[in-house]
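Here is a walk through one model, helix by helix and then residue by residue. Have the structure open as you read.

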Amino acid sequence: MSSTDPAITAAAASSVPQSVSASRLVRQYGAMNGLGLWTLFKREVGRFMKVWMQTVLAPVVTTLLFMTVFKLAFGDRGNLTGDFEGLSYNDFLAPGLIIMAILQNAFQNTSSSLVQAKFNATYVDFLMPPLSPLELTAGFLGGAIMRGLIVAAISAIGIQLSGLADLSVTHVWPIVWFSLTAAIVLGALGAIGGIWADKFDHLSAVSNFVIVPLTFLSGTFYDIKVMTPPFQLMAHLDPFFYMIDGFRYGFLGVANSSILTGVLYTGGLSLVSVIAVWALFRSGYKLKA
């Protein structure tokens with residue numbers, strides 16, 4: 001038989017100030033929930049790494065196949081003119097394909113994650129925890145950036161080691177800046193599409209009629225100066241053009257446009273896209289009743 005009187009135990013418990021007991025039971029957070037943000041980021045990275053053959057290996061193989069086909073088609077005859085005169089076409093093409101992989105995979109990561117969460121009714125997993133709209137934005141975009149950069153890095157290594165092109169680096173900072181802004185903008189666009197879409201067909205429409213055309217018509221495969229003036233103007237309005245052109249400048253040291261213009265354009269677009277995603281999470285559009 002216990003010698004402790006239950007009445008004494010109850011009295012002792014009641015003597016503890018409510019503020020002290022509450023502080024012990026409720027976790028306190030500072031200006032940012034670092035643990036929650038890190039957990040969401042790991043969830044997003046782990047989600048695509050579990051199926052790495054589809055999310056990482058497949059786009060890498062696609063990039064290498066593009067390079068192989070163009071290498072076989074043109075051989076060493078694909079020398080360019082204009083701003084890129086004297087350069088090998090394969091060296092010109094490789095950076096464009098690498099950043100195209102960043103664009104497409106960053107978009108697919110956030111869009112598929114959010115649509116799957118809505119389809120499986122698991123979006124409460126990231127809405128219920130104490131995560132602010134800014135932390136949700138950072139977590140989802142962080143996962144998109146990681147997937148885009150992982151695919152790009154493996155593709156670049158594969159192209160270099162296979163001898164399909166020479167990826168000698170001329171300037172490091174444009175490669176870092178334009179790869180990050182490309183991943184941020186497309187990750188944000190994917191998040192917006194994922195929140196808006198009610199089914200995967202909606203995402204396919206965005207990808208097929210927006211992402212793919214803008215990517216293919218923005219100088220990935222050719223120098224835009226071969227286009228007639230009206231279409232050149234349209235290309236200069238395409239934000240993907242500045243991402244691809246600036247990224248390519250980091251390898252070749254030559255660009256079709258002003259690098260400063262590209263930095264300002266992509267930086268401003270990144271800021272606007274992040275704010276747009278933050279506003280959607282804050283409002284709970286199509287996520288909260």
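## Two positive phi values

Ala 121 sits in the loop between α5 (89–119) and α6 (124–127); helices such as these are DSSP runs of H or I of at least four residues, strands are runs of E of at least two, and both are numbered from the N terminus. Phi of Ala 121 is near 60°, which is positive although the residue is not glycine. Lys 286 is another non-glycine residue with a positive phi, about 60°. Lys 286 belongs to the segment after α12. Its relative accessibility is 34%, so Lys 286 counts as partly exposed; the cut-offs are under 20% relative accessible area for buried, over 50% for exposed and in between for partly exposed, with a 1.4 Å probe and protein chains only.

## What kind of model this is

This is a predicted model, where local features need pLDDT of at least 70, side-chain atom pairs count only at pLDDT 80 or more, and totals for chains, interfaces and linings use all residues. Residues are numbered from 1 along each chain as its sequence is written, and side-chain values use heavy atoms, with hydrogens and water left out.

The mean pLDDT of the protein is 86, and 88% of its residues reach 70 or more; pLDDT is the predictor's confidence in each residue, from 0 to 100. Over residues 1–16 the pLDDT is below 50, and that stretch has two contacts in the model beyond near neighbours in sequence, a contact being heavy atoms within 4.5 Å. Residues 19–25 also have pLDDT below 50, with one contact beyond near neighbours in sequence. Where pLDDT is low, the predicted coordinates should not be read in detail.

## The overall picture

How many helices and strands are there? The protein has twelve helices and zero strands. Of its 289 residues, 43% count as buried. Take the contacts between residues at least 6 apart in sequence: 80% of them join residues at least 24 apart.

## How the helices pack

Two packed helices are described by the angle between their axes and the distance between the axes. Here the axes are lines fitted to C-alpha atoms, for helices over the stretch in contact, and angles run from 0 to 180 degrees between N-to-C directions.

| Helix pair | Axis distance | Crossing angle |
|---|---|---|
| α3 (residues 34–49) and α7 (residues 133–162) | within 8 Å | roughly 35° |
| α4 (residues 52–74) and α7 | 9 Å | about 40° |
| α11 (residues 239–252) and α12 (residues 259–283) | within 9 Å | roughly 125° |

Start with α3 and α7, whose crossing is right-handed; right-handed means that the near helix is turned clockwise from the far one by less than a right angle, and left-handed means anticlockwise. Among the residues that meet are Leu 37, Phe 41 and Phe 48 in α3 and Leu 136, Phe 140 and Ile 150 in α7. By class, this contact has ten nonpolar, three polar and four charged residues. Ala, Val, Leu, Ile, Met, Phe, Trp, Tyr, Cys and Pro count as nonpolar, Asp, Glu, Lys and Arg as charged, and the others, Gly among them, as polar.

The α4 and α7 crossing is right-handed. The residues in this contact include Val 56, Val 60 and Leu 64 of α4 and Ile 150, Val 151 and Ile 154 of α7. They divide into nine nonpolar, four polar and one charged.

Over at α11 and α12, the crossing is left-handed. Tyr 242, Met 243 and Tyr 249 in α11 are among the residues that meet α12, whose side includes Ile 259, Tyr 265 and Leu 269. The contact has seven nonpolar, four polar and no charged residues.

## Two histidines

His 236 is in helix α10 (residues 229–237). Is His 236 buried or partly exposed? With a relative accessible area of 26%, His 236 is partly exposed. Leaving aside neighbours within four places in sequence, it is in contact with Ile 224, Phe 241, Tyr 242, Ser 257 and Tyr 265. His 236 and Ser 257 are 21 residues apart in sequence and 8.4 Å apart C-alpha to C-alpha.

His 171 is found in the loop between α7 and α8 (172–196). His 171 counts as partly exposed because its relative accessibility is 28%. Not counting residues up to four places away in sequence, His 171 touches Tyr 249, Gly 250 and Gly 253. Tyr 249 is 78 residues from His 171 along the chain, and their C-alpha atoms are separated by 7.5 Å.
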